[in-house]
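Please read these notes with the model open beside you. They are written as numbered points, and each takes up one topic.

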Amino acid sequence: MARIFIDGDSGTTGLEIRERLAGRNDLEIVSIARELRKDVGAKRELLAGVDVAILCLPDDAARETARLCDEMGARAPRLLDASTAHRVAPGWVYGFAELAEGQAERIASASRVANPGCYATGAIALLRPLVDAGLVAADMALTINAVSGYSGGGRQMIEAYEAKQAPPFELYALGFEHKHLPEIAVFARLAAAPLFVPSVGNFRQGMLVSIPLHLDALPGRPRAADLEGALARHYAGAKHVRALPAPPAARLDATALNGTDDMELYVFASEAKRQAVLVARLDNLGKGASGAAVQNLALMLGARG
């Protein structure tokens, strides 16, 4: 029976992971007493006795735990980090199993896996196959728009929305320094940083990530069907990611995948106008966070990708 320690299980992601793992008879969830959480010796002892530690911590605290495991050498557990701290760090495998051929196997054999960000999951899922296929240039000036439910914004935002003290919709990160940008650039294989415009709506969970494109500005001036085909080929056979035809209604509900670990990808296009919008839909707490962590944990424990 694998022993799992969720380090930081009082936050949204940690609580969701614990809920998803509850009742499993192949896992033992290990906890540390509240009064010992900052006791380095007690934490080292606990870490030495588990197979995988899932880090649901602020970035600095996640780095501290990783350093502690460095000091433990062979006694250290494998790490699955749900924070932003190690997503582009050397020695860490990016935990998006559908990223490329062989990625699930790399996750399965890794000692350290970095869970992707929610926005990044949608953006990379749309862009990486198109960059790899030569349909989107790596140095193209791209704009990524996104909206998330407020549960992705941390304790203060959640409390403000649930107390009805927050606006119905707001743009944020308008300083052009959003924490998901580095991983988007690295794992979508972009040579130019995209313009990223995130927003939050007055709904608890759910997410849409959209990328507008002028088809005539793309290499080879492809048709929308070429983009659709590249996405469909890349995700053929994937359990949790599906490339689907755009619905005739030409509209999408951000909350439709809530409670699932799935992600849907669409190409909305007008050949007459030579314009397209790529859209990823997912639950920011599912494939965008806790669901992805559980998927990665399963791979690390020997499940097939």
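1. Start with a pairing between two strands: A146 has V209 as its bridge partner in strand 10. Strand 7, residues 143-149, pairs with strand 10 in the antiparallel sense, over four bridges. Strands here are DSSP runs of E with at least two residues, helices are runs of H or I with at least four, and both are numbered from the N terminus. Two strands count as paired if DSSP finds at least two bridges between them.

2. A word on the basis of these notes. This is a predicted model, in which local features need pLDDT of at least 70 and side-chain atom pairs count only at pLDDT 80 or more, while totals for chains, interfaces and linings use all residues. Residues are numbered from 1 along each chain as its sequence is written, and side-chain values use heavy atoms, with hydrogens and water left out.

3. Strand 7 also pairs with strand 9 (residues 195-201): the two run parallel and are joined by seven bridges. Across this pairing, N145 stands opposite V197. Five of the seven residues of strand 7 are buried, so the rest of the structure largely encloses this strand. Buried means under 20% relative accessible area, exposed means over 50%, and partly exposed lies in between (1.4 Å probe, protein chains only).

4. There is also an open sheet of six strands, in the order 2-1-3-4-6-5, with parallel pairing. Its edges are strand 2 (27-30) and strand 5, each of which pairs on one side only. Strand 5 pairs with strand 6 (residues 112-114) in the parallel sense, over two bridges. There, V93 has V113 as its bridge partner in strand 6. Strands of a sheet pair through backbone hydrogen bonds, either parallel or antiparallel.

5. Which residues touch the most other members of the largest nonpolar core? They are F96, L227 and L265, in a core of 44 residues. A nonpolar core is a set of buried Ala, Val, Leu, Ile, Met, Phe, Trp, Tyr and Cys residues joined through side-chain atoms within 4.5 Å. Among the elements that each supply at least two residues are helix 5 (118-132), strand 7 and helix 8 (224-234). Helix 5 gives the most, with ten residues.

6. L227 shows what such contacts look like. Leaving out residues up to four places away in sequence, L227 touches L130, L135, L213, L215, L218, P222, V267, A276 and L278. Contact here means heavy atoms within 4.5 Å. Apart from this core lies another, of 21 residues, including L27, I54, A97 and V113.

7. The structure holds four aromatic pairs. Rings of Phe, Tyr and Trp (its six-membered ring) pair if their centres lie within 6.5 Å; planes under 30 degrees apart count as stacked, over 60 as edge-to-face and the rest as tilted. Y94 and F187 are stacked, because their ring centres are 3.8 Å apart and their planes are at 5°. This pair links distant parts of the chain, with Y94 in strand 5 and F187 in helix 7, 93 residues apart. Y94 is buried at 2% relative accessible area, and F187 is buried at 16%. Y266 and F268 form a tilted pair, with 6.0 Å from centre to centre and 40° between the planes. Both Y266 and F268 are buried.

8. How many disulfides does the structure hold? It holds zero, a disulfide being a pair of cysteine sulfur atoms within 2.5 Å. For C56, the nearest cysteine sulfur is that of C118, 14 Å away. C56 is buried, with a relative accessible area of 16%, and C118 is buried at 13%.
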